[in-house]
Amino acid sequence: MMLKTSADKKVTTNVIQPGQYSKKATECANCEVFIENIQVSNASIKDLGEKYNSVILDGTSKKSLVIGEANCEIDRQIERTIQMMNIGEKREITLDIVEDVDLPLVIKFEVTLLGIVLFDPIWVWTPQTKYSVALKYKETGVRLFKEHRLIDAFHKFSKACKILITLEPISDLELEKSLENDINHLRLVLYNNMAGCQLNRKNYEHTITLCTKILSKESNNIKALYRRGVAYGNLKDVEKAVADLENAVSLEPNNRAAKEQLAIYDAQLQEANKKFGNMMRRMFKG
């Protein structure tokens, strides 16, 4: 056996049976695998599917999966391992899953890569293909967000965004204007959706960074103004919070959420200004 552990310590593999040398599975490749001998700590095999959303470790032995379509941490790590395997290769895999779980999961199983239907590597994809795949990932991310699976949704939006980044600088590609506009619009939507995930996870600095990217391209983006304003407010920077939320309300006067948040932070700003004014008066009076 040849023991290998990933740099982040999440995946340890033993090669039980070497396969024949083959091209590796890349993004969008279709892989046939055989899963066996699943062992789990702190959960049951049934939990892996029902509680932790794995569609690979659902108790079914023979699986067909497409690289890039993993929608949970368990399946993302399995995809990552399969991309290193040759056809016919069998590995024992141990996963240490600590992200967004009640108790750390240690999952051990064996996987054999039966076959691969290859997909072109991403560096030869056309801009249309990159846009189509990114759009598909975005739509999956939206579904996951609606299911309150914020980490999984963020991973999906981030993966889509990384695909579009490979098109930079887009002006050099001389694309049809409609496709160029679609790509630019999708990128902003992805940044906004990632900001929504970060805001819900209370990662306020990351929310501000993402929203600022959006607003540098589209200064009247109401969602970005709202999310950045709320993030500033939670970081106690109420002056900036009020500025963003006032802009959002002026652009969309019937935006109830923005008006409610503006009322909260405007009251805090007025109170802070009042305290500052009283302090200054006492100082000069003294």
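Which residues in α6 meet which residues in α7? I started my notebook with that one.

**Ground rules.** I'm working with a predicted model, where local features need pLDDT of at least 70, side-chain atom pairs count only at pLDDT 80 or more, and totals for chains, interfaces and linings use all residues. Residues are numbered from 1 along each chain as its sequence is written, and side-chain values use heavy atoms, with hydrogens and water left out. The helix names come from DSSP runs (H or I, at least four residues; strands are E, at least two), numbered from the N terminus.

**Entry 1: α6 and α7.** I looked up the contacts, meaning heavy atoms within 4.5 Å. From α6, Tyr204, Thr207, Ile208, Cys211, Thr212, Ile214 and Leu215 meet Ala224, Leu225, Arg227, Arg228, Ala231, Tyr232 and Asn234 of α7. By class, I got nine nonpolar, three polar and two charged residues in this contact. (Nonpolar is Ala, Val, Leu, Ile, Met, Phe, Trp, Tyr, Cys and Pro; charged is Asp, Glu, Lys and Arg; the others, Gly among them, are polar.)

Next I checked the geometry: the axes of α6 (residues 204-217) and α7 come within 9 Å and cross at roughly 150°. Axes here are lines fitted to C-alpha atoms, for helices over the stretch in contact, with angles from 0 to 180 degrees between N-to-C directions. So α6 and α7 are roughly antiparallel (over 145 degrees; under 35 is roughly parallel, 65 to 115 roughly perpendicular, the rest oblique). Their crossing is left-handed, that is, the near helix is turned anticlockwise from the far one by less than a right angle; clockwise would be right-handed.

**Entry 2: α3 and α5.** I found α3 (residues 127-146) packing on α5 (residues 177-200) at about 30°, with axes 11 Å apart. That makes α3 and α5 roughly parallel, therefore. α3 passes α5 in a left-handed crossing too. Their contact divides into 12 nonpolar, four polar and two charged residues.

Entry 3: Most residues other than glycine have a negative phi, and most peptide bonds are trans. With that in mind, I noted His148, in the loop between α3 and α4, with a positive phi near 65°. His148 counts as exposed at 69% relative accessibility (exposed is over 50% relative accessible area, buried under 20%, partly exposed in between; 1.4 Å probe, protein chains only). Lys236, in the loop between α7 and α8, has a phi near 70° and is exposed as well, at 68%.

Last, I spotted a cis peptide bond from Glu168 to Pro169, with omega near -10°. Pro169 sits in the loop between α4 and α5.
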